[in-house]
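Reader: I have a structure open and want to read it piece by piece. Where shall we start?

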Amino acid sequence: MNWLSELWRRLMFTFERRRFDRDLEDEMRAHHEMKTADVIEAGTSPEEARYAAQRTFGNTTLLREDSREMWGWGSLDRLWQDLHYALRILANNPSFTLIAVLTLAVGIGVNTAVFTAFNAVALRPLDVPEPARVVQVGRSTEAGFFSYPDYAYLRDNNRAFSELAAAGFFSFSMTGVPAPPSGSQSGLAGSVGFSFPQPLSGKNAEPVAGMLVSGNYFNMLQVAPVLGRGFIAEEDDKPGAHPVLLISENFWERRFAREPSLLGRTLILNDVAFTVIGITPRDFIGTVPVVPAVWVPLGMRDRLEPGTDLLHDRSVVCCRLYGRLRPGVSQQQAQAESGALFTRLQQMYPDKEPRSKGTLDRVVVEPGSAFGPPDEGFIAVAVLVLAAVSMVLLIACANVGGLLLARSAARQKEIAVRLAIGASRGRLIRQLLTESTLISILAGGAGLVLAWWTLHLLMMQISASLPVQWAAIAIHLAPDQRVFGYMLLLSVLAAVGFGLAPALQASKPNLTSALKEEGAMFGGHVSKSRLRDILVGVQVAVSLVLLIGAGLLARGSERAFGVDLGFDYRNMLLFEFRTTGAKQDQAKMLALRRRVLQRAENLPGVTSVSVASRAPLAGGIRHLSIGLDGRPLDSDRALEALYSLVTSDYFQTLGIPIVRGRNFTAQETRDGTDFEGAPVIVSEATARKFWPGQDAIGKRISFGAPADRLDFGGEVHPRSRTSLVIGITKDIRSMALERFDETCVYIPVSRTFGGSILVRTEGDPKLIITALRQELETIDGSLEAFIFDFRAAFSNQPAFVLSRIGAIGSTIIGVLGLLLASVGIYGMVGYAVSQRTHEIGIRMALGAHRSDVLRLVLRQSMVSGCYWSRGRFAACCRSVADPGFPFVRTEHVRSAGICLRLRFPGIGVDAGRLSSRAPCYEGRPHGGAEI
């Protein structure tokens with residue numbers, strides 16, 4: 001029970017500390033008086049007796065500390081003392097405290113902002129109750145989608161999930177509501193080089209991005225509408241169900257100005273009248289990265305696209321699955337049960353399985369996430385960005401370290417006195433680190449507020465830049481425990497980073513010179529302070545690395561527009577339209593397309609018009625299963641290839657040369673439904689892959705839909721058992737900017753096929769856009785149309801987005817680091833020069849000119865920084881020339897010129913020149929007196 005009594009004693013000491021101190025003082029006074037009385041009895045005078053008693057009694061301060069150590073919480077007491085003293089020191093120097101906290105807050109804030117964004121995208125769970133129980137059920141195939149019958153089977157037969165829901169994106173066409181004016185490419189996104197498709201017709205039709213979800217979707221997420229109600233079972237997949245929908249609060253505000261009467265109102269989507277029954281919470285993204293405008297029951301898909309049989313056709317994949325685990329069921333158990341059920345499905349419907357042996361199609365259960373699990377490329381880019389912003393923190397730490405170094409010189413007598421009366425060096429270092437930690441924690445709190453405010457403002461600007469027809473962006477940026485932990489870690493690391501070196505140097509002064517207030521800083525020579533030179537060098541080197549990286553990334557994002565695509569994208573427009581009249585017959589649709597094509601061809605300045613199912617760089621990737629040399633598709637040698645349905649003038653419009661063979665003739669084109677025996681043209685890469693070392697011309701192939709296929713607006717996948725290769729085209733980059741397509745098969749269709757319309761112009765494409773808008777309004781007001789040039793296609797590519805955002809971000813980071821470094825270098829060099837006033841006075845008294853002193857200061861300030869930056873330049877080039885930034889190239893001559901321009905007339909020169917001017921002016925009048 002000794003530990004209990006000791007604990008009680010320490011607790012009593014904590015609560016009655018004043019009484020203990022008073023008793024201790026009384027006891028020490030009594031002992032001192034007793035000792036004094038003994039010495040007086042020995043014949044010593046009272047005054048000498050008091051001195052003798054004091055010498056015998058010892059250091060009273062040390063005795064008090066030892067007594068408190070025995071009675072109280074030693075480490076906690078010392079920590080409290082250090083904190084109390086640090087607060088007093090910082091409060092007595094408000095200007096120093098404010099500058100140090102703000103400088104460090106910038107470094108911590110930038111790092112926290114980047115980590116907050118990474119956390120929101122890659123680490124944060126779904127914003128729903130009990131998110132750990134929500135999982136995503138996918139397939140290991142490329143698409144990862146399920147058909148509706150497969151979903152229904154898994155939903156009805158599983159025991160691991162309390163709810164299993166399905167969801168998929170869908171683009172609706174809304175009519176009957178006055179369309180908003182089409183906005184120009186303005187705002188933050190437009191100002192930095194991104195552009196978006198522009199709606200052409202705006203009288204009646206308006207595209208709306210939404211979700212098709214099963215009726216139990218909101219029950220699975222346990223999220224209720226803020227107004228109205230959710231879906232019920234009778235409104236999901238029951239024949240003849242009344243069409244209903246939910247609308248997001250974001251779309252309600254942006255599109256309908258929060259109209260109170262919207263509930264119960266009818267909205268026309270794809271020619272189907274839907275009743276608005278509820279409004280989902282603001283910024284509710286569910287299981288997708290953006291905020292859908294509307295939520296429609298999945299069972300309504302067949303009514304939105306007549307002619308489809310989604311609810312019963314097992315070959316049409318349409319949706320992803322999300323489930324909420326039952327209490328006590330683990331993710332591994334759900335994986336095992338779902339896998340067993342899916343294996344049973346595969347056995348029941350073997351004809352729906354992938355035709356190629358070796359294709360592993362299995363169920364994958366992963367934690368629920370709106371953005372999905374981050375891949376290696378995303379992680380690599382995130383690490384690179386975090387490394388870049390950590391350099392800003394490094395500059396801030398060096399900056400504050402220089403301030404502490406200069407401030408320690410003013411405290412050298414205080415430190416010397418404390419060492420002289422018995423304080424240990426470790427105790428002093430701990431005290432100085434406590435001050436640094438307190439500064440860092442204050443800066444961390446300010447940095448967290450700065451990060452949240454900056455991200456919030458940035459997200460508002462980006463959202464305002466996007467077209468109103470797009471789904472709203474709502475990334476949850478509120479800090480959570482990971483962000484707080486990261487901020488705290490940065491604060492501790494920063495405290496050690498900028499406080500340790502000054503504390504170590506400040507705790508070993510020359511006591512003799514310090515107590516006499518003589519000598520330079522810490523009793524040494526200021527001009528030879530290696531720590532100061534290191535801090536200056538770190539800031540110069542890191543700033544150069546950041547600026548060089550910004551320049552390389554900026555040139556890389558511009559280089560994307562000069563990359564060889566394999567086709568001529570200049571003066572090209574991509575035009576897509578559809579009619580909202582879902583019940584129109586085929587004859588009327590063909591007539592409408594003929595009118596649109598004829599009007600487009602007759603516009604002044606249009607040189608060529610063609611049609612394709614998939615325009616280059618416009619998304620909508622389509623695959624075919626390929627059988628070579630007449631072999632059936634279900635053989636072991638079935639392959640896959642990209643395909644595009646094109647008209648015969650497609651290659652002329654895009655400027656894609658046919659290197660061998662011939663083009664399609666008008667008689668060989670098909671109507672988009674029957675392709676049996678249709679000739680094909682393949683790319684050079686396809687010929688090399690399928691017939692290595694052989695002539696592809698004259699080869700026969702068969703093709704059909706892959707087992708795991710995606711529908712594109714009701715488009716029928718082409719099929720043929722006997723097709724002949726009649727031509728070979730040059731390879732192009734139609735999937736992504738960073739690489740040529742590995743395969744591509746072109747299949748002929750007629751001009752009335754319902755695909756994208758490609759328009760080549762002679763002059764400015766903007767003039768054609770205006771003319772097209774006017775023509776469409778006269779043809780049919782119910783047309784929903786979009787148009788964009790291929791520069792917009794560039795700006796939507798991930799490679800361009802990464803390079804451009806990287807360039808913008810690194811430029812901001814580089815300029816921020818440059819400003820911090822300039823202020824820090826000015827402060828450190830200015831203080832060092834002021835401490836060398838005696839030396840400068842002697843030099844000028846002996847005949848040195850002002851320019852000589854300037855050169856001396858600048859040379860000493862910049863040599864270390866330029867030396868350090870030389871080694872880091874190559875590392876910077878290697879880091880940005882990464883697969884995530886494919887258009888960055890290390891141009892050594894140009895970059896060396898940038899480096900030389902930045903080194904000497906840049907950061908340190910201006911800061912050093914400013915900081916050295918005052919001593920130069922003061923040196924001549926005071927130099928003689930100083931001697």
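Reader: Which residues does Leu 654 contact, leaving aside its neighbours within four places in sequence?

Author: This is a predicted model. Contact here means heavy atoms within 4.5 Å. Leaving aside neighbours within four places in sequence, the partners of Leu 654 are Phe 567, Asp 568, Met 572, Pro 616, Leu 758, Arg 760 and Phe 790.

Reader: Is Leu 654 buried or exposed?

Author: Start with its place: Leu 654 lies in helix 20, residues 650–654. Its relative accessible area is 0%. Buried means under 20%. So Leu 654 is buried.

Reader: How far apart in space are Leu 654 and Val 759, C-alpha to C-alpha?

Author: Look at the sequence before the space. Leu 654 and Val 759 are 105 residues apart in sequence. From C-alpha to C-alpha, their separation in space is 9.0 Å.

Reader: Now to the strands. Why is strand 23 described as largely enclosed by the rest of the structure?

Author: Strand 23 covers residues 720–729. Its burial gives the reason: strand 23 is largely enclosed because, of its 10 residues, the number buried is 7.

Reader: In which sense, parallel or antiparallel, does strand 20 pair with strand 23?

Author: Take the partners of strand 23 in turn. Strand 19 (residues 658–661) pairs with strand 23 in the antiparallel sense over 3 bridges, and strand 21 (residues 700–704) also pairs with strand 23 in the antiparallel sense over 3 bridges. Strand 20 (residues 680–683) has 4 bridges to strand 23, and their sense is parallel.

Reader: Which residue in strand 23 is the bridge partner of Val 682?

Author: Gly 661 stands opposite Gly 727 in strand 23. Phe 703 has Ser 720 as its bridge partner there. For Val 682, the partner in strand 23 is Ile 728.

Reader: How many nonpolar residues are in the contact of helix 7 with helix 12?

Author: Helix 7 brings Asp 150, Tyr 153, Leu 154 and Asn 157, while helix 12 brings Ser 338, Leu 341, Phe 342, Arg 344, Leu 345 and Met 348. By class, 2 residues in this contact are polar and 2 are charged. The nonpolar count is 6.

Note on methods: Residues numbered from 1 in each chain as written. Predicted model: local features only at pLDDT ≥ 70, side-chain atom pairs only at ≥ 80, totals over all residues. Heavy atoms only, no water. Helix = DSSP H or I, 4+ residues; strand = E, 2+ residues; numbered from the N terminus. Nonpolar A, V, L, I, M, F, W, Y, C, P; charged D, E, K, R; others polar. Buried < 20%, exposed > 50% of the residue type's maximum accessible area, 1.4 Å probe, protein only. Pairing = 2+ DSSP bridges.
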